[in-house]
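Work through the exercises below with the sequence and the model at hand. Each task is followed by its solution.

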Protein chains: 2
Amino acid sequence: MSSSVLLMSMSVDGYIAAPNDGPGNPGGDDFMRLHEWYQGPDGEFGRPAGEPGAIWDELHATGALLVGRRTAEQVDYYGGDHHGVPIFVVSHDPGPVSYDNVYFVNDIETGMAQAKEAAGGKDVLVHGAVTAQSALAAGLLDELQISQVPVLFGSGLRLFDVLPRRVELEIVRVIDTAQATHIRYQVLR
Amino acid sequence: MSSSVLLMSMSVDGYIAAPNDGPGNPGGDDFMRLHEWYQGPDGEFGRPAGEPGAIWDELHATGALLVGRRTAEQVDYYGGDHHGVPIFVVSHDPGPVSYDNVYFVNDIETGMAQAKEAAGGKDVLVHGAVTAQSALAAGLLDELQISQVPVLFGSGLRLFDVLPRRVELEIVRVIDTAQATHIRYQVLR
């Protein structure tokens, strides 16, 4: 069975983007603070050493990406290539995107169904705050992989913000490092 | 040196109180969901078994409590007794409280100074969202002990909400249990 997994880096106060995010400044001011833990042996962005490497491997083992328009636009739809998998973008207003691997879908239900089919039994990677919230509200999110970075951003864009109802989780795995506390949750129904 | 330690239980989406909190319904609807991990061997509220017991012990080793008016009022100022230490309540409008051990202070600076003096070298326990935020903003908070409970509350009162600036933290200790991920942070300056 294909699972849907939200994978995000978040500050301790729940922000995933800093103020002033937009095209040209993806993730907002000093956004990379939340992603410093993606650090390869050469100090550059890449597969982290030690236990967090598993998160990188899991991300690259997913078979499709489901993402919101706002997030996708800020990074030019990943140049049409996010580890080679089909990219499904939730939007009522399909943009002028010509990448072969990018598909617009009208709503979260259609998007998740198409992404799961495209993933062919692999997991579906979910990105973005709006998409996370609508997937949770629709009962379509199976797991959360949150990398909680030891910083209080103070303001910006919240990952969860306000949800229509309480959602119980189960802690599946905790990876404890100095750079981040990586917690994987299963969504209980 | 006396440290100030914020000790709170928080949902994964950053809430410390559910909707409809107030006197008569302290912490809001189903508030106890965040405090189930305080469970003694008899299943009742108390010192938890195993590693989280250390958090209980640290709490009871503090020498003073600094708390906001809103939080204190909801629990009738702890009946004047929070593990026997002096209770400092930050409020511009002292209430009609006759407990011997409760002291009103005008602002966070005065409150922290008096609490530290009263603690006599022991740590100062800090409670409440408003007090946490104003202590952080004033640079008066030394450590955070956050028990992160695997639930998305969806709405309620946020622990950190909006802060005037970014605050860097250092992870001091992670206690990984099924009921909560207990993370202790040092505030970096």
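**Exercise 1.** How many bridges join strand 8 of chain A to strand 10 of chain B, and do the strands run parallel or antiparallel?

Solution. The model is predicted: local features need pLDDT of at least 70, side-chain atom pairs count only at pLDDT 80 or more, and totals for chains, interfaces and linings use all residues. Residues are numbered from 1 along each chain as its sequence is written, and chains are lettered from A and ligands numbered from 1 in the order in which they are written. Strands are DSSP runs of E, at least two residues, numbered from the N terminus; two of them pair if DSSP finds at least two bridges between them. Strand 8 of chain A and strand 10 (residues 167-176) of chain B are joined by two bridges and run antiparallel. A:Val151 has B:Glu168 as its bridge partner in strand 10 of chain B.

**Exercise 2.** Describe the side of chain A that touches chain B.

Solution. Start with the count: chain A and chain B each give 26 residues to the contact (C-beta atoms, placed from the backbone, within 7 Å). Next, the elements of chain A that give two or more residues to this side are strand 8 (151-152), strand 10 (167-176) and strand 11 (181-187). Strand 10 of chain A supplies the largest share, seven residues.

Key: Two residues are in contact if their C-beta atoms, placed from the backbone, lie within 7 Å. Helices (H or I, at least four residues) and strands (E, at least two) are DSSP runs, numbered from the N terminus.
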